[in-house]
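Subject: Structure for you to look at

Hello,

Here is the structure I promised to pass on. Please open it first, then read my notes below.

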Number of protein chains: 2
Amino acid sequence: MYRKEIKVTDCTIRDGGLINKWQFSHDLVRTVYEAVNCSGVDYMELGYRASAKIFSPKEYGTWRFTRDQDVREIICNSEPKIKLGVMVDIGRVEEDDILPCSESPLDFIRVATYLKDVDKAIDLANHCHEKGYESFINIMAISTAPFFELEEAIRQIDSETEVVAVNIVDSFGGLWSESVHKLVEIFKTHLLRHETGFHAHNNQQLGFANTIEAIRKGANYLDATISGIGRGAGNCPLELLLSFLKNPQYSLEPVLQVIEDVFVDLRQEIEWGYLIPYMITGVLNEHPRTAIAWRQDPEKRDRYLDFFQKMTTPECYEIKN
Amino acid sequence: MYRKEIKVTDCTIRDGGLINKWQFSHDLVRTVYEAVNCSGVDYMELGYRASAKIFSPKEYGTWRFTRDQDVREIICNSEPKIKLGVMVDIGRVEEDDILPCSESPLDFIRVATYLKDVDKAIDLANHCHEKGYESFINIMAISTAPFFELEEAIRQIDSETEVVAVNIVDSFGGLWSESVHKLVEIFKTHLLRHETGFHAHNNQQLGFANTIEAIRKGANYLDATISGIGRGAGNCPLELLLSFLKNPQYSLEPVLQVIEDVFVDLRQEIEWGYLIPYMITGVLNEHPRTAIAWRQDPEKRDRYLDFFQKMTTPECYEIKN
């Protein structure tokens, strides 16, 4: 029943941190790590690696930087079954921030890029690969990418890097089944040497569904987060994805346990999941930042019609800027 | 871009009433009716029609019975654009409860049935048709229906009734894209005279996604509820469906307005939407009643692992009975 080539990456801390500036305690991250490691998931992205010269540690929590020493404190000298890694943004990390893989507890690095910066992403991914890490490139905001330019970028990544997979990232939660099918077909057509991956967002309650559609078309690297935690409407829930995949390697039980131990309370503190403003940005294929700002204003947060009208009339300039 | 044959049925009050025994005030139902009527949606199912000899009006609210006089109080002698109707269950309504259509403010009646009771459903649908109503048959719990028996039932409905559509009802939220495709294909193969419809549940966050898949395969009668309200994990959200359909007949604005006016507060009073126990029954392709009972116990409601283990071991007998 299951496809053995499929690998799951848990992004709970990295993507969840977009809500609270990565201010998760070591205890929380350790509990999540232990659950994910125990569940048999293949990869875990613990946070971003970023330069403390660019982001202030006073403002941002540990997992904006995810130093090697923080990772060691989480795994407590154990030998994880799961591969551990971080995400890096172009221009927000310096080469010195990345030690050789042999000196690090990390196994992989994922480079996040917009289509326009693919050349820089290739350089950074190659740098990570040369230092011994499994490397990946995630192409963000893909629901707005012109296909011609996308095809060229994918061919270039295919021939010029040694990444494990190139991931389709639906940053705006704007895709649905037919657009997912088309994108995975494009990736699989032009990626002759590398795998295709998929990272969903749930603005239109399609995060899990779109991940299923990516699987059906042959994507083998799949992202998810526990309880769907993530900026705005959140992500594909790990508990749904593991249930669907039917791979006996995966166990749902540690994930259910950590949801009841950690995520029920966490949801009382920080907000994520399907809400009308996020739906509206998803439907309009827009970045959710306007919806997130709207939800943070106590007087506006539930004024849905007002938000929709501002986003669909010339007034939208006011809200987007 | 849009398919003019597609008709949308709002089931907000009927399906939402499964949470609170249909104890919605006339004011609330009138507000919802006005929004749905104004949105351009084609059909609105206001509640169940049931016999007061079978259900006690002391225990159940107005919309368990949905008498013609209640409907008249809602529409206030106006002439609705939308077609209004009720759902009936086999054995829970008497012929005398249904006046001729010419004497009623209702336009349609939908007969809900399990596959085993299709013969009775045909009789009841024909009775409604003879009284002048548009009639429909909804086949519930379809994710457990043996295909051979289902095909026979559909052929029988096709030849023996004048229903407008036969609706696939995913009562357990157990379907996903490929099973939706297969079911719609079966319906369309054997329904030579009638339309195919689809009623989703959201246990696996696939309510909207499965509705899209039904559309892609040719289902033209689609059910949804405002804010996805409905028993357990709820339904396909009307706001998502209208946004997707792109039919200029439909307006999202009245739906957004009524969500902020009514449903934000209502959600503080009654629970619906994706939660882990509902997910577990969806994944296991089981009726959500065990999950609903679990959520109603204050000591158990967030003990997800315990629920999963009980549902997947011999102990499940204890929880199901």
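I start with α10 of chain B. Its buried residues are I276(B), P277(B), Y278(B), M279(B), I280(B), T281(B), G282(B) and V283(B). That is 8 of the 8 residues of α10(B), so the helix is largely enclosed by the rest of the structure. One caution before going on: this is a predicted model.

What do the buried residues of α10(B) pack against? Two of the partners come from chain A: α8 (238–245) and α9 (253–269). Chain B itself supplies α11 (289–296) and α12. Just past the helix, N285(B) takes a positive phi of about 55°.

The chain contact

In total, the contact takes 27 residues from chain B and 27 residues from chain A. By class, the chain B side has 16 nonpolar, 5 polar and 6 charged residues.

The barrel in chain B

Chain B holds a closed barrel of 8 strands. The order is β1-β2-β3-β4-β5-β6-β7-β8, and the pairing is parallel. From one strand to the next, the twist averages 25°.

Take β2(B) (residues 43–48) as a place to start. This strand is mostly covered, with 6 of its 6 residues buried. On one side, β2(B) pairs with β1(B) (residues 7–10) in the parallel sense, over 2 bridges. There, D10(B) stands opposite M44(B). A second pairing, also parallel, joins β2(B) to β3(B) (residues 83–89) through 5 bridges. In that pair, E45(B) stands opposite G85(B). How does the chain cross from β2(B) to β3(B), and with what hand? The path goes through helix α3 (residues 68–75) of chain B, and the β-α-β crossover is right-handed.

The domains of chain A

Chain A is divided into domain 1 (7–269) and domain 2 (276–320). Their centres, taken over C-alpha atoms, are 26 Å apart. The contact involves 11 residues of domain 1 and 11 residues of domain 2. On the domain 1 side there are 2 nonpolar, 8 polar and 1 charged residues.

N285(A) is worth a stop. It sits in the loop between α10 (276–283) and α11 (289–296) of chain A. Is N285(A) buried or partly exposed? It has 16 C-beta neighbours inside 10 Å, so it counts as partly exposed; a buried residue would need 20 or more. Leaving aside neighbours within four places in sequence, N285(A) is in contact with S143(A), T144(A), F172(A) and G174(A). The C-alpha atoms of N285(A) and D170(A) are separated by 9.7 Å, although the two residues are 115 apart along the chain.

K21(A) has a phi near 55°. Its place is the loop between α1 (12–20) and α2 (26–39) of chain A. With 13 other C-beta atoms within 10 Å, K21(A) is partly exposed.

A141(B) also has a positive phi of about 55°. This residue lies in the loop between β5 (134–139) and α5 (147–160) of chain B. A141(B) has 17 C-beta neighbours inside 10 Å, so it too counts as partly exposed.

Best wishes

Technical notes
Residues numbered from 1 in each chain as written. Chains lettered and ligands numbered in written order. Predicted model: local features only at pLDDT ≥ 70, side-chain atom pairs only at ≥ 80, totals over all residues. Domains from an automatic or database assignment. Contact = placed C-beta atoms within 7 Å. Nonpolar A, V, L, I, M, F, W, Y, C, P; charged D, E, K, R; others polar. Pairing = 2+ DSSP bridges. Helix = DSSP H or I, 4+ residues; strand = E, 2+ residues; numbered from the N terminus. Axes fitted to C-alpha atoms, helices over the stretch in contact; angles between N-to-C directions. Buried ≥ 20, exposed ≤ 12 C-beta atoms within 10 Å, placed from the backbone. Right-handed = clockwise from strand over helix to strand, strands pointing away.
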